[in-house]
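This report describes how the elements of one protein chain are arranged and packed. Look at the sequence and the structure first, then read on.

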Amino acid sequence: MMYKHILVAIDDSETSAKALDEAIALARLHDAVLEIAHAVDESMLQAFSNHGVTLVDHGKMQDALLDGGRETLKTAMETARAAGLTPRERFLAAEDLHAADQIALAVEKSGADLLVVGSHGRRGFRRMLLGSVAENLVRKVHVSVLIVRGEH
């Protein structure tokens with residue numbers, strides 16, 4: 001099978017970096033379009049709220065999430081360019097959609113025929129709240145999904 005459009009969903013984890021490397025290699029092998037997506041899950045801000053009482057400054061936390069996401073995407077774009085590709089960039093942010101839902105919509109809108117994602121991204125509290133984005137994506141998208149595993 002030849003892939004024409006590969007979308008890789010990234011965060012700032014080591015496993016995500018491996019997924020990006022795999023997506024770059026596949027895009028080069030198949031002479032495919034590479035699209036790099038990062039989803040900021042602003043619904044995470046709800047986790048820092050208790051019965052309507054905000055425990056942190058909502059605006060500052062939102063700005064930090066968005067700025068961090070943009071920086072993560074910028075770094076990934078530079079990595080792909082250094083590998084000789086001209087990637088497309090897709091920055092996703094929503095207050096009412098979890099990361100997996102945002103990425104699934106991006107896959108559909110982009111016309112990608114392969115989604116590459118790391119098996120586990122961020123850990124701890126965030127993972128407990130969201131579950132595995134990769135697991136959710138396998139159920140949500142209608143294209144092939146390559147899940148790149150990290151270290152055990």
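What pattern does the protein chain follow, read along the sequence? The pattern is β-α-β-β-β-α-β-α-β-α-α-β. The protein chain has five helices and seven strands; helices (H or I, at least four residues) and strands (E, at least two) are DSSP runs, numbered from the N terminus.

This is a predicted model, in which local features need pLDDT of at least 70 and side-chain atom pairs count only at pLDDT 80 or more, while totals for chains, interfaces and linings use all residues. Residues are numbered from 1 along each chain as its sequence is written, and side-chain values use heavy atoms, with hydrogens and water left out.

**Burial and cores**

Of the 152 residues in the protein chain, 43% are buried (under 20% relative accessible area, with exposed over 50% and partly exposed in between, for a 1.4 Å probe and protein chains only). A nonpolar core is a set of buried Ala, Val, Leu, Ile, Met, Phe, Trp, Tyr and Cys residues joined through side-chain atoms within 4.5 Å. The largest nonpolar core has 21 residues, and among those that touch the most other members are Ile 6, Leu 20 and Val 116.

**Helices α3 and α5**

Two packed helices are described by the angle between their axes and the distance between the axes. Helix α3 (residues 99-110) and helix α5 (residues 133-140) pack at about 40 degrees, with axes 9 Å apart. Axes are lines fitted to C-alpha atoms, for helices over the stretch in contact, and angles run from 0 to 180 degrees between N-to-C directions. The two helices are therefore oblique to each other: angles under 35 degrees count as roughly parallel, over 145 as roughly antiparallel, 65 to 115 as roughly perpendicular and the rest as oblique. Contact (heavy atoms within 4.5 Å) is made by residues including Ala 104 of α3 and Leu 137 and Lys 140 of α5.

Ala 104 counts as buried because its relative accessibility is 16%. Not counting residues up to four places away in sequence, Ala 104 touches Leu 137, Lys 140 and Val 141. The C-alpha atoms of Ala 104 and Arg 139 are separated by 9.5 Å, although these residues are 35 apart along the chain.
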